[in-house]
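Here are some exercises to work through with the structure open beside you. Try each task yourself, then read the solution step by step.

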Amino acid sequence: METLAYRFEQGSRALPAQAQVVGVVGSGNLEVLIESASLGGACTIDISTAAVGFGATWEAVMRDFHERWQLKDARIAINDMGATPAVVSLRLDQAVQTMLGDAP
Amino acid sequence: MNSYLELTARERLARLFDQGSFKEFLPPSARVASPHLGQLNAPVAFDDGVAVGRALLDGQPVLCAAQEGGFMGGAVGEVHGAKLTGLLRRAVQERAGAVVLLLESGGVRLHEANAGLIAVSEVMRALLDARAAGIPVVALVGGSNGCFGGMGIVARCANAVVMSEEGRLAMSGPEVIETASGVEEFDSRDRALVWRTTGGKHRYLMGDCHAIVPDEVQAFRAAAIDAIAHSRGAGVELSLATLEAEQALLGQRIARFGGCADPLDAWRELGLPDPAAVPMMEADAFSALAAGHTLGGAQ
């Protein structure tokens with residue numbers, strides 16, 4: 001197990017109050033819990049992952065995610081069981097879209 | 001997507017009950033996760049693999065739970081079991097109209113050992129307390145992990161079990177039986193045999209489930225509504241007479257089928273016209289064929 005934490009400052013997109021969870025913690029999959037929180041305009045992402053040693057990959061995927069959505073005052077928590085970067089990105093986008101009420 | 005089998009626990013709750021009516025107790029944001037998995041360096045889920053709450057079913061308020069088979073096979077740990085127990089106790093306190101359990105579980109979570117075993121026994125006791133208080137409990141079994149071990153017992157403690165053929169219900173899973181008794185006793189890789197033995201059709205014929213439905217959310221929904229009404233009519237509380245009837249049914253099963261090597265032999269003994277055709281039949285056609293040939297509890 002490895003825990004990772006990221007914080008991106010000065011986002012621009014606010015989220016509704018109702019927390020959402022997407023995905024399931026299973027082999028090659030993960031759950032994303034997304035909540036609105038007072039973080040001084042920042043977006044924080046806390047990751048708990050079964051795959052050890054992929055910090056650099058996580059950081060790149062999280063940075064891409066933040067550039068896509070520019071969330072502010074958003075707290076995200078991830079429980080991961082070895083999902084690939086593509087699955088992680090997909091779940092994060094799904095979480096934001098669910099939060100914004102325009103889930104596909 | 002209309003297949004009950006392919007949905008997650010939360011998707012089932014959203015689609016089986018009246019639209020938008022599910023309100024969760026202890027949602028993932030409460031972060032009540034297993035205290036044991038982290039110690040073992042295993043990932044947790046914020047809901048510990050089960051969602052519990054209240055919802056409307058055809059306009060009627062019910063309490064409900066759904067196990068997530070994708071997280072550790074829906075296995076029951078301390079928190080997971082406590083959420084189910086708390087839901088059933090709340091049903092008694094609130095005089096709930098009914099409890100609907102969407103079960104999908106391999107049984108006790110081995111990581112949590114005795115904590116999981118105790119949790120399952122508490123769920124059973126709470127379920128029987130709810131029935132004793134006059135609250136019908138209906139179990140739906142249609143997930144890809146089936147309903148095994150302790151949760152198999154929990155399902156059979158309910159007033160009614162609704163299954164699809166794809167859902168499976170048993171005590172020990174196929175791999176467990178093969179490991180304990182050998183491949184000659186039960187070949188767990190023989191998928192057709194596994195489904196003949198633990199799948200919904202055999203359970204229906206043996207009187208272990210009360211309704212068999214196609215693998216469709218709306219079919220499970222309709223059967224759950226029927227099962228609640230039927231349970232109220234039949235008497236919700238577990239009575240001595242019911243237990244004695246169950247005991248007689250089990251005795252009858254051993255007497256009639258104890259010598260059968262395969263469920264096909266048992267179906268033949270029940271008088272089904274063409275047992276070999278049963279696995280390929282649609283649920284509705286099967287129900288019609290099975291009428292008059294089932295043991296015990298079928299509605």
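**Exercise 1: A salt bridge across the chain**

B:Asp18 counts as buried, because its relative accessibility is 17% and the cut-off for buried is under 20%. Keep in mind that this is a predicted model.

Task: Find which residue forms a salt bridge with B:Asp18, and work out where the two partners sit.

Solution: 
- Step 1. Start at B:Asp18 and look for its partner: B:Arg221 forms the salt bridge, with the closest N and O atoms 2.9 Å apart.
- Step 2. B:Arg221 is in helix H8 of chain B, while B:Asp18 is in the loop between H1 and E1, so to speak a link between distant parts of the chain, 203 residues apart.
- Step 3. B:Arg221 is at 17% relative accessibility, so B:Arg221 counts as buried.

**Exercise 2: A neighbour in that loop**

Task: Say whether B:Ser21 is buried or exposed, and list what B:Ser21 is in contact with beyond its neighbours within four places in sequence.

Solution: 
- Step 1. Locate B:Ser21: look in the loop between helix H1 (9–16) and E1 of chain B.
- Step 2. Read the relative accessible area, which is 12%, so B:Ser21 is buried.
- Step 3. Go through the contacts: B:Arg54, B:Ala55 and B:Leu56.
- Step 4. Zoom in on one of them. The B:Ser21 side chain reaches the backbone nitrogen of B:Leu56 at 3.0 Å.

**Exercise 3: Where the chains meet**

Task: Describe the contact between chain B and chain A, then find which residues form the salt bridge there.

Solution: 
- Step 1. Count the residues: 15 come from chain B and 15 from chain A.
- Step 2. Look at the area buried between the chains, about 1200 Å², with 67% given by carbon and sulfur atoms. On the chain B side, B:Arg31, B:Pro43 and B:Phe46 lose the most area to chain A, together 43% of what that side buries.
- Step 3. Look for salt bridges between the two chains: there is 1. A:Glu35 and B:Arg31 are the partners, at 3.0 Å, N to O.
- Step 4. Sort the chain B side by class: 8 nonpolar, 4 polar and 3 charged residues touch chain A.
- Step 5. Take another look at B:Arg31. Its phi is positive, about 55 degrees, although B:Arg31 is not a glycine. This residue is in the loop between strand E1 (23–25) and strand E2 (50–57) of chain B.

Notes. Residues are numbered from 1 along each chain as its sequence is written. Chains are lettered from A and ligands numbered from 1 in the order in which they are written. This is a predicted model: local features need pLDDT of at least 70, side-chain atom pairs count only at pLDDT 80 or more; totals for chains, interfaces and linings use all residues. Side-chain values use heavy atoms; hydrogens and water are left out. Helices (H or I, at least four residues) and strands (E, at least two) are DSSP runs, numbered from the N terminus. Contact means heavy atoms within 4.5 Å. Buried area is the accessible area (1.4 Å probe) that two parts lose on being put together, summed over both. A salt bridge is a side-chain nitrogen of Lys or Arg within 4 Å of a carboxyl oxygen of Asp or Glu. Ala, Val, Leu, Ile, Met, Phe, Trp, Tyr, Cys and Pro count as nonpolar, Asp, Glu, Lys and Arg as charged, and the others, Gly among them, as polar. Buried means under 20% relative accessible area, exposed over 50%, partly exposed in between (1.4 Å probe, protein chains only). A polar contact is a pair of N or O atoms within 3.5 Å; within protein, one must be able to donate a hydrogen and the other to accept it, and residues adjacent in sequence count only if both atoms are side-chain atoms.
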